[in-house]
Amino acid sequence: MERAETSRSKDDSRVRAKLVPTDSAFPSIKIESCEALICSATVNSSDDKHQWCEITWKNDSDIVTLRNLSSNPIIVDGELIEETVVIKSGSEITSGPDKEGYLTYIFEPLPSRGNDKKRIEISLDVEHAKCSICLNIWHDVVTVAPCLHNFCNGCFSEWLRRSSTRSKEGISCPQCRSVVHSVGRNHFLHNLEEAILQKFSSLKRSGEEINLLNKYASIKSNIVLGMPKYPSRKRPHTFSDNGGIEVELPCFQCGSELGGFRCNGTTTHLSCHGCGAKMPSRPDIGVPQNCLGCSRTFCGAYWTTQGLDAQQFNVICPEETFKPVFERTILRIPDSVHRNNRYEKDVTERCIERTGKTLQVLISDLITKFGNKEIDRTNLQLNHPEMITPRTYLCNDCYDKLIDYLLYWFRVSLPSHLLPPDASARENCWYGYLCRTQLHNEEHSRKKNHVCRPTRGTGNM
């Protein structure tokens with residue numbers, strides 16, 4: 001039987017699986033045979049190695065068992081284990097009876113070599129494996145939710161530390177600026193990260209950079225940063241039975257018929273993201289209840305079709321919060337356009353004036369081009385960009401993101417004679433719209449043009 005010990009060896013040709021510690025200060029354990037005794041550090045206060053479990057593949061199949069060899073119970077996927085248990089990809093294994101003080105490992109089987117390896121290599125895309133903070137290949141990659149963007153552990157940890165000291169409205173994603181609800185290490189992408197660096201060795205960072213990132217890294221496991229709270233404007237709907245007793249009901253169609261529909265005991269209800277109130281889930285009636293751009297639930301369109309007026313009852317979200325793109329009216333450019341760069345927003349406003357069109361007319365023209373697939377959607381920061389049409393229902397936040405995207409394309413495709421003289425004389429910033437310096441350095445944001453494609457880093461809008 002082979003003895004598997006912690007190792008930093010880069011030869012993974014014979015590795016069958018890994019135990020990846022949630023504490024990046026400790027190395028991974030590489031398992032090379034179908035029967036392996038695990039000898040490694042077990043507590044986070046010491047590097048001393050102990051033989052504490054055995055991992056076995058049953059008859060060379062995909063069924064993997066773990067046998068506890070220590071004198072204490074260990075924790076596997078939240079359960080105390082004294083003898084043997086079946087484990088699977090992603091199983092969380094703590095080397096003692098308590099997560100406090102003992103090291104926790106994630107079990108990661110590696111894909112078989114041969115044809116599988118060739119398929120993975122073909123699908124690797126280096127440009128999509130870069131952290132948008134440091135613009136290098138991920139190191140100890142973490143993923144934020146719900147937007148699912150990926151960053152180096154050290155980079156995002158430092159972003160989290162700085163944002164926590166100056167923001168009272170939650171932590172925003174460094175890439176798309178949406179509110180981050182949670183963040184955790186992504187062990188699947190960690191394997192891709194290693195595969196890319198093996199194939200493209202020139203992309204590897206220096207030991208000094210790696211040590212600095214490890215020093216900053218503070219994300220050891222999933223961290224919940226807090227969900228936004230939207231207090232409901234409405235009281236629960238009440239219904240009086242024959243005995244005069246008032247019963248609280250989830251929505252207006254519980255207990256009474258409205259718009260030809262009445263909820264029953266099996267009706268599923270959705271919570272509106274805007275007001276927090278409930279409405280029945282009715283995906284079969286052709287009235288959108290979820291924003292296609294962000295998948296969040298909004299009640300305004302549904303209750304309007306059921307005959308409720310938000311202004312009269314003050315119990316539902318206004319219809320304006322969730323409506324088709326082509327039905328919207330726009331009177332001013334959103335502040336969030338061009339990543340909140342007010343100088344670029346001013347240039348865009350003057351460019352629109354020089355076309356002789358109003359903002360509404362210009363946006364209508366751009367939406368038509370967007371609907372006709374004349375504008376590339378590759379980097380539109382919305383869910384399902386290929387499915388969005390002028391008739392798609394979007395919430396206000398997603399509509400603003402669409403406007404930002406359309407105005408970017410307006411600027412980059414604008415003939416040079418329509419640019420204001422002071423704007424046309426500026427040099428393009430190397431990092432274009434991805435530039436982070438423009439977010440905090442007013443002089444830089446004014447002197448350089450940031451509505452352009454990056455010539456360093458990644459991304460093409």
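Predicted model: local features only at pLDDT ≥ 70, side-chain atom pairs only at ≥ 80, totals over all residues.
**View 1**

**View 2. Pairing of strand β12 with strand β14.** Strand β12 also pairs in the antiparallel sense with β14 (residues 182-185), over 4 bridges, and here Thr143 has Gly184 of β14 as its bridge partner. Because 4 of its 5 residues are buried, β12 is largely enclosed by the rest of the structure.

**View 3. Packing of helix α9 against helix α10.** Helices α9 (residues 359-371) and α10 (residues 396-412) pack at an angle of about 90 degrees, their axes lying 10 Å apart, which means that α9 is roughly perpendicular to α10. On the α9 side the contact is made by Leu362, Ile363, Leu366, Ile367 and Phe370, which meet Tyr399, Leu402, Ile403, Leu406, Leu407 and Phe410 of α10. By class, this contact of α9 with α10 comprises 11 nonpolar residues, with no polar and no charged residues.

**View 4. The chain as the setting for the close-ups.** The chain contains 12 helices and 23 strands, and 44% of its 461 residues are buried. Of the contacts between residues at least 6 apart in sequence, 54% join residues at least 24 apart. The chain exposes about 25000 Å², of which carbon and sulfur atoms supply 49%.

Methods. Residues numbered from 1 in each chain as written. Heavy atoms only, no water. Axes fitted to C-alpha atoms, helices over the stretch in contact; angles between N-to-C directions. Helix = DSSP H or I, 4+ residues; strand = E, 2+ residues; numbered from the N terminus. Parallel < 35°, antiparallel > 145°, perpendicular 65-115°, else oblique. Contact = heavy atoms within 4.5 Å. Nonpolar A, V, L, I, M, F, W, Y, C, P; charged D, E, K, R; others polar. Buried < 20%, exposed > 50% of the residue type's maximum accessible area, 1.4 Å probe, protein only. Areas by Shrake-Rupley, 256 points an atom, 1.4 Å probe, with all protein chains shown as cover. Pairing = 2+ DSSP bridges.
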